Structures are given as structure tokens and as C-alpha cells.
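Keep it short and group the points by topic.

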Amino acid sequence: MSPGCPATSPAGPLPATRWTSCRRTLPSVVAALREELGRVNRYPDPTSGALVTELSGDLAVPREHLVAGTGSLGVTRDLLRAAAGEGDEVVFAWRSFEAYPPLVWGTGATAVRVPLRDERHDLEAMADAVTDRTRLILVCNPNNPTGTAVHRAELGRFLDRVPDQVLVVLDEAYREFVDDTDVPDGIALYRDRPNVAVLRTFSKAYGLARLRVGYAVAHPPVAAALRACAVPFGVSGLAQAAALASLNAKPELLARVATLVAERARVTHALRAAGWSVPDSQANFVWLPLGSGTRAFADACETAGVMVRPFGDEGVRITIGTPEQMDRLLKIAGDLR
Ligand SMILES: Cc1ncc(COP(=O)(O)O)c(C=O)c1O
């Protein structure tokens with residue numbers, strides 16, 4: 001799903017489309033990977049035991065509630081396979097993460113897409129969309145590609161309406177970029193709600209997208225079903241070692257995240273000052289709902305050697321890069337106004 005990190009375009013250097021992945025990997029993580037390279041002849045720990053132990057301490061959740069997988073995408077796929085099949089329904093907001101429709105399709109279940117309202121999840125409409133066939137609901141918080149996040153009170157009301165037998169999956173791939181204190185931490189929510197599971201990843205804030213490692217936090221029946229659906233030895237030794245080293249370097253990585261969040265605020269402010277409508281973002285990107293103007297904006301960016309991600313005639317997602325890269329983007333946006 002990620003376009004990766006091309007260093008240059010025909011028109012010159014590109015801004016990072018995935019800022020966190022384009023930042024240099026921390027030396028301590030590189031060292032852990034080097035050490036692990038000498039062991040690639042051996043199968044990895046199928047339980048990701050050391051990583052699970054570390055996460056268990058870090059998040060204060062029991063080890064048996066944690067399941068590591070091949071990115072949070074791999075865990076999402078396994079969760080869907082565990083929960084849904086032909087004749088079932090899976091509800092999610094739309095537009096949201098573009099991997100959801102094909103992953104649901106792969107289970108044979110029907111995808112029920114509930115339109116965003118003002119670029120945000122419409123949780124009331126999502127609860128209304130639940131039928132006796134609904135098996136799972138995906139809530140992408142913050143949402144990709146709009147960056148918008150649902151708040152504690154509305155999510156609480158929503159969870160109260162969802163029947164106990166329906167699994168609610170909070171996809172928190174961008175959790176580390178959240179600075180709005182009204183946005184709930186899914187780990188706090190799942191604790192006394194057995195039908196809530198949380199997905200996190202090392203791909204974004206931790207910059208390990210290419211290694212494919214993420215995890216679910218879920219109550220034992222869900223976690224056990226997930227383990228049963230997972231491909232054995234799916235999480236490589238390299239991925240486990242790098243994830244562990246990244247957790248050990250958490251303060252350093254979170255300092256990078258704080259820099260990005262500050263840049264997000266600057267870019268949002270500048271775009272709004274130039275007259276663009278920009279919903280509040282809690283992720284590592286901002287969203288411009290441009291409607292029919294989407295293509296023209298993306299073309300102007302491409303001509304200037306700046307890559308943004310257009311979505312049909314809905315809008316563009318602009319990943320936050322370095323200040324220099326964002327200045328180039330702001331110049332283009334200003335000229336287009
Ligand atoms: C909302 C969301 N969830 C999950 C993922 C996938 O993350 P991972 O690399 O851990 O599979 C992405 C990637 O872009 C995403 O935007």
C-alpha cells in the first residue's frame with residue numbers, strides 16, 4: 001500500500017511520501033539487524049516471544065492478549081479470516097484505508113461501507129449499519145487518508161450500541177502521532193470490553209515498514225483465534241529484532257514523532273491561512289478535500305517534483321516531510337489559490 005520512498009523524481013527530489021519511513025533508521029536498530037543477519041539460516045521464534053514480553057510490559061497488558069503479525073495488515077487479514085466468511089458482513093467507514101475492501105473480499109464476507117460525514121467517521125450511521133450478519137467493524141483511528149480521529153465520548157456511545165458478539169477492531173496504525181487528548185487510547189478502551197481489539201504497527205512512528213511487523217491486543221478468545229489463523233513463522237527474525245531494538249529506542253523515536261507533529265501543525269495552519277480547507281489531522285499526513293479539483297492539484301505537485309497521493313475526485317493526502325519539503329508544497333498550494 002505504501003508507495004515506498006523514492007529518492008528522486010524526474011523533476012527533482014521528492015518530499016518524503018512516508019516521512020517516518022524515509023528518516024534514517026536508528027543506528028541501534030541497524031546494529032540489531034546486523035547481529036540478526038548472522039542467524040538467518042534459523043527459523044524465527046514463531047511466538048515472537050521476546051517482542052511480546054517487551055510489549056506486554058510497555059503496554060501493561062497480559063502476554064496472552066498480544067499477537068504479533070506481518071504488519072498490522074497481516075493481523076487485520078487474520079482477524080477478518082477468523083471472524084467473517086460468506087454471508088457475513090464487515091462494516092467500515094469510507095473513505096478509509098484502501099486495504100480494507102480487498103481484505104474483506106478475501107473472506108467472502110460483504111463489505112458495508114458507511115460514508116464519512118465531514119471527513120470523519122459517522123459512528124452513529126455505522127452503528128445503524130449493524131445487522132444480525134455483522135461480524136466485525138473496523139474503526140480506523142486516526143483515519144487514513146483523512147487524518148481525522150474519533151473522540152472518547154462518541155466512541156464510547158458507539159461501543160455501547162454494538163452487540164457483544166460483534167468484534168470492533170480499532171486500527172491505531174497512527175496512534176503515536178495523536179496529540180489531541182480527547183482521542184482515546186484503544187488499549188485503555190479494550191480492557192473492559194471483550195469485543196474490542198486494537199491494532200498497532202512498527203511501520204509508521206517506528207519506521208520499520210519494510211520489515212513487516214505489527215500486533216494486535218485482544219482478549220484471549222480473539223487472540224487465540226488470531227494465532228490459529230496466522231501463517232506460522234510469519235514474523236521474521238529480522239523484524240522481531242528490529243522491533244525490539246525500536247522499543248528500546250522509544251524516547252528517541254518519539255522525539256522524531258514530536259517534530260513531525262509540530263510540522264503538521266505548521267502546515268495545517270499555513271494551508272488554512274492560504275484559504276484551503278484542512279480537517280484536523282492526528283496522523284503523519286494532512287488531507288485536502290478537493291473534490292473535482294483533486295487531479296489538478298496532484299498534477300501541479302507532480303510537475304513541481306512533489307508527490308502527493310490523490311484519491312479519485314475526493315482529495316489528496318499530503319504526507320508530512322521535512323520543513324524544506326513542506327515549504328515547497330506550501331508554495332505550490334499558495335500559487336494554486
Ligand atoms: C490505517 C492503516 N492501518 C494499517 C496499515 C498497514 O500497516 P502495516 O505496515 O503495519 O501493515 C496502514 C498502512 O498504510 C494504514 O494506513
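This is a predicted model: local features need pLDDT of at least 70, side-chain atom pairs count only at pLDDT 80 or more; totals for chains, interfaces and linings use all residues.

Residues are numbered from 1 along each chain as its sequence is written, and side-chain values use heavy atoms, with hydrogens and water left out.

**Ligand site**

- Helices (H or I, at least four residues) and strands (E, at least two) are DSSP runs, numbered from the N terminus.
- Asp171 places a polar side-chain atom 2.7 Å from a nitrogen atom of the ligand.
- Tyr174 has a polar side-chain atom 2.7 Å from an oxygen atom of the ligand.
- For Ser203, a polar side-chain atom lies 2.6 Å from a ligand oxygen atom. A polar contact is a pair of N or O atoms within 3.5 Å; within protein, one must be able to donate a hydrogen and the other to accept it, and residues adjacent in sequence count only if both atoms are side-chain atoms.
- Taken alone, the ligand exposes 400 Å², and the protein buries 97% of that. Accessible areas come from the Shrake-Rupley method with a 1.4 Å probe; for residues, only the protein chains shown count as cover.

**Second largest pocket**

- The second largest pocket has a volume of about 400 Å³. A pocket is found on a 1 Å grid over the protein atoms alone, as an open set of points where a 1.4 Å probe fits, with protein on both sides within 12 Å along at least five of seven lines. Grid points are joined across faces, edges and corners, and a volume is the space filled by probe spheres set on the points.
- Its lining counts 24 residues; Pro46, Thr47, Val67, Ala68 and Ala230 lie nearest the centre. Lining residues have an atom within 4 Å of a point.
- Strand S3 (66-69) and H4 each supply at least two lining residues.
- The lining divides into 11 nonpolar, 7 polar and 6 charged residues.

**Backbone**

- Most residues other than glycine have a negative phi, and most peptide bonds are trans.
- The peptide bond from Trp94 to Arg95 is cis, with omega near 15 degrees. Arg95 sits in the loop between strand S4 (89-94) and helix H5 (100-105).
- Asn144 and Pro145 are joined by a cis peptide bond, with omega about 15 degrees. Pro145 is in the loop between strand S6 (134-140) and helix H7 (152-161).
- Arg212 is not a glycine, yet has a positive phi of about 65 degrees. Its loop runs between strand S8 (196-201) and strand S9 (214-217).
- Phe233, also not a glycine, has a positive phi of about 60 degrees. Phe233 lies in the loop between helix H9 (220-229) and helix H10 (237-248).

**Met326**

- Met326 belongs to helix H13 (residues 323-336).
- Met326 is buried, at 1% relative accessible area. Buried means under 20%, exposed over 50%, partly exposed in between (1.4 Å probe, protein chains only).

Terms used
Ala, Val, Leu, Ile, Met, Phe, Trp, Tyr, Cys and Pro count as nonpolar, Asp, Glu, Lys and Arg as charged, and the others, Gly among them, as polar.
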